[in-house]
Structure formats: C-alpha cells, structure tokens
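Dear colleague,

I am handing over the structure we spoke about, and below it you will find notes on what was found when going through it. Please read them with the structure open beside you.

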Amino acid sequence: VNAGIISVGTELLMGETVDTNSGWLAARLPALGVRVESIMTVGDNLVGLVEALQTALCRFDLVLTTGGLGPTEDDLTREAVATAIDEQISIDPKLLASLEGWFRRRGMRMSKHNIKQAGIIPSAVALPNLKGTAPGWWVEKKGRVIASLPGPPVELCHMWECEVEPRLRERSDGVVLLARTFKTIGLAESTVDEMVAHLHGTDNPYLGIYAKSDGIYLRVLTQASTRMAAMELMRPIEEGILSILRPYIWGVDDERLEDVVLNLLSEWGITLATAESGIGGVLASTLSTDPAGDPYYLGGLAVRPEEIDHVPGVTPHMISMFGAVSSEAASAMAEGVRKWFGSDVGVGITGLVGSEQEGIGVEVGTVYVSIAHVSGTLVSKHDFPPRRELIRRRAVAVALLELGQYLKGLSIP
Ligand code: ATP
C-alpha cells in the first residue's frame, strides 16, 4: 500500500503554522505496511485542493488529508473530496443531532455555519471527533481510500488512534515495515556516511542518514511479510552499524538525550543542578519537561554573559582574567551551582551565541561545558557553526551527552 498525505491550510503556506501533522502521520504509517510517497501542502482553495486530491488518487492507494474540516467558509476539504470523486454532499440528520448535542452540553449556541460539518457523501462514513466538532471522513471508492482528519493536532491524534489506525490495521496486506533509528553524536554527517558506505545501496534494507540538532541519525527501514522476517533483514545492517559506530551512539528510536540522563540520575539516585550563561536556560528547560526527573534535577540558573558573576562561585576578578566564555568560568559555574543547590553533580555551560557580544576574545560558536562532582571537575570546549539557535541546541546536546557518559562512568558505592 502506498500513500500520499495532503495538509490543507493557507496558514501552512504562509509559514504561520508549521505542518507537524504530516510528519506525525508519516511516522506511523510504515508500521502498518503503508509506504508514504508524497507529502503535499495545499492552501484553502477549492480548485487547488480538488486537483491535489485527484492527482493523489491516481497515484496512491491511500490519501490522508489533515485540516479544512472546520465550519468556516475557507474550510473546504469536504467539498473538495466530494468534487474529486464526483459525489454530492447532503446533511446527515444523525451527525447534525450529535453536533447540536455537543454545543448544548457546553451551553453554547450552535452557529448555522456548523451545519456543514454534518455533511456526508455516499462513499464516506463519518469518523467521530471526541476532541472537537469536526467529524472526519473515511471514504472508499474504486479501490482507493481517503481519510480526512481535522487540523488541530490533538483532534488528529485522537481520531487517528481511535478510528483510522484500526481500519488500516484491518486492511493491512501482510507487509510489515520496520524502522530503527540510531542516534550518534561527535561525527560529521559526511564522516558517518563514509564509515557506513558499505551498508548503503539496497532498497530493502534501506539506510538513510540525517543531520539533527542532537547529532547524526541513521535510519534503517526493512520490509517483509512478517515482523520476524523484517527483523531478520534488519539484523546484519544493525550489527554493522553497531560494530562501527557504537562509541558514538547515544540512543535509539524515540530515546532523547534528556531521558538518558534522567534515567541514569534516578538509577544512581544522585541529584543535579545546572548553570548556563549565554544560552538562555535551554538546558534547564529541557531537563524539567519530564516530571519523572523532578526528584533528581534540583534546578538551574540562567544568566546573560554580562551577568555571569551572579552565578555563585564566579567572581568579577576571574571574569576579568579569563573572560565569560572560558574554561575557568565554566568550571566555576559547575562547582558553584553544585554547592549552591547542594546537588551531587553540577553542570556549567558558557557560550558565545551572537556577534553582539563579540570582542570578548572568543569566536561566536565557542562553548565550554563543565561537569563538577565531589571526585573532580571536567571541562570541554566546542566550536559550533555561528548560528544562535544551532549553538544553543548543540550546547545542550553535548552537555547532556557528556553528562550521560560521565554518569555511566561514575563508580557510585
Ligand atoms: P477546526 O474545526 O479547528 O477549524 P480544521 O480541521 O478545519 O479544524 P484547520 O482550521 O485547518 O483545521 O486548522 C485548525 C488549527 O489546527 C490551525 O490553526 C493549527 O493550529 C492546527 N493545524 C492545522 N493544520 C495543521 C498541521 N498540518 N500541522 C500542525 N497543526 C495544524
């Protein structure tokens, strides 16, 4: 089964909303034996949308649309699907009653514009939307399927899980696609490519290499009639990757660097505090997204480089001697914040992310990371490409990576 995804909305074309829906859907289809061959964005324009649907129906067994199911004039997905397959929309009394009930239960008046959301065509069944008003459509015609889902991600996810995925699983033609991602750090994309060059070149298994903010990812895809067979196909390439890149691999699949660190902290039962200068508290924010880390991540300080001496342990004298972006400043931050919070481990990051602070003796993109523990303090220096956002994200990625490696090597009694 092959598929095309169409995300609908002029706001997507204007860059006002980032299309996360198609990526979310695309990540879920391979496991159901569906190969995504195209992702397209179309504005709220009936002619363009009909054309996109007709082209997709010529090429793909399955067409997924997201967005454009709302009540307003510019929500045109229903009309476009009906036109593309030459059917007429009529109002379904049951859908209308359920929409009216939705508004009544919330003490709201239903606008007459919402009536169109109760529209249906003969080849469609309505997919209930328990998170919003817009029902989806599951359309089957001439061997093709169109699944139209709402735009708001929370509605889309819920409708996918309750309505669309089970239907696709039932229709699965016995082909299983297996995907595995190896996440590396410390090597350039071209170096990784060169190191695994001998594993490239086949469609099944297929190896792709991607640069991400937290390193270089290797993604292996295999396709077979059973999961076991797909795993067998995956094995040699997986072993090949591990034998060459093991020291650089920090995680697989959905694993995130912060999860690796928080798991190690909880495993060892040790606590952490952080201090950041110049990177705006990204490390603290990353470490505090998962409440499971709360008992181990005690907190963090984030300062601008001009105010780095507000971090406990950092003195104006030290900064005038070595500079705010220096190995001395990073280690003083790590040690100072460790004492201040009373944590077992302290991390200090100081970096130069923009040219407005140039003239302090280092290049934009220079970052020092320090890890302090009762057994000693380590510092590393990094030079990232001079782009603010990239520097911030890379700084956090290397800090988490080094912290993970440090925690793995700790000999806790
Ligand atoms: P609604 O009933 O809310 O109008 P809808 O199906 O008509 O639902 P849209 O109006 O197209 O959806 O989009 C509603 C909101 O959903 C957008 O403002 C945006 O925040 C989000 N959204 C839409 N499409 C996408 C997308 N492809 N990726 C991420 N978010 C999206």
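**Helix H2 and its surroundings**

The buried residues of helix H2 pack against E1, E2, E3, E8 and helix H6 (153-171). Please keep in mind throughout that this is a predicted model. In H2, which runs over residues 21-28, the buried residues are Asn21, Ser22, Trp24 and Leu25. They cover an arc of only 160 degrees around the axis, and therefore lie on the same side of H2.

**Helix H3**

Helix H3 comprises the 14 residues 46-59, and the distance from its first C-alpha to its last is 20 Å, close to the 20 Å expected at 1.5 Å a residue. Within H3, Leu49, Val50, Ala52, Leu53, Ala56 and Leu57 are buried. Seen down the axis, these buried residues fall within an arc of 160 degrees, so they line one face of the helix. As a general point, an α-helix has 3.6 residues a turn, so residues three or four places apart point the same way. On the other side of H3, the exposed residues are Val47, Glu51 and Cys58. The partners against which the buried residues of H3 pack are strand E1 (2-8), strand E2 (35-42), strand E3 (62-66), helix H4 (77-84) and strand E8 (144-149). At the start of H3, the backbone nitrogen of valine 47 has a side-chain oxygen of asparagine 45 within 3.1 Å.

**The ligand**

There are 19 residues around the ligand, and of these Glu11, Asp19, Leu69, Gly70 and Gly151 come nearest. The ligand taken alone exposes 610 Å², of which the protein buries 77%.

Serine 326 is placed in the loop between helix H11 (316-322) and helix H12 (327-341). With a relative accessible area of 4%, which is under the 20% cut-off, serine 326 counts as buried. Its side chain reaches the backbone oxygen of glycine 323 at 2.8 Å, and, when residues up to four places away in sequence are not counted, serine 326 touches Thr350 and Tyr368.

Alanine 188 also has its place in a loop, here between strand E9 (176-184) and helix H7 (189-195). Its relative accessibility is 40%, so alanine 188 counts as partly exposed. Alanine 188 and isoleucine 216 are 28 residues apart along the chain, and their C-alpha atoms are separated by 7.4 Å.

Glutamate 258, finally, is found in helix H9, which spans residues 257-268. Is glutamate 258 buried or exposed? At 12% relative accessibility, glutamate 258 counts as buried. Leaving aside residues up to four places away in sequence, glutamate 258 touches Thr286 and Leu400.

Technical notes:
Residues numbered from 1 in each chain as written. Predicted model: local features only at pLDDT ≥ 70, side-chain atom pairs only at ≥ 80, totals over all residues. Heavy atoms only, no water. Helix = DSSP H or I, 4+ residues; strand = E, 2+ residues; numbered from the N terminus. Expected span 1.5 Å × (residues − 1). Buried < 20%, exposed > 50% of the residue type's maximum accessible area, 1.4 Å probe, protein only. Arc of directions from axis to C-beta. Contact = heavy atoms within 4.5 Å. Polar contact = N/O pair within 3.5 Å; in protein donor to acceptor, adjacent residues only side chain to side chain. Near = heavy atom within 4 Å. Areas by Shrake-Rupley, 256 points an atom, 1.4 Å probe, with all protein chains shown as cover.
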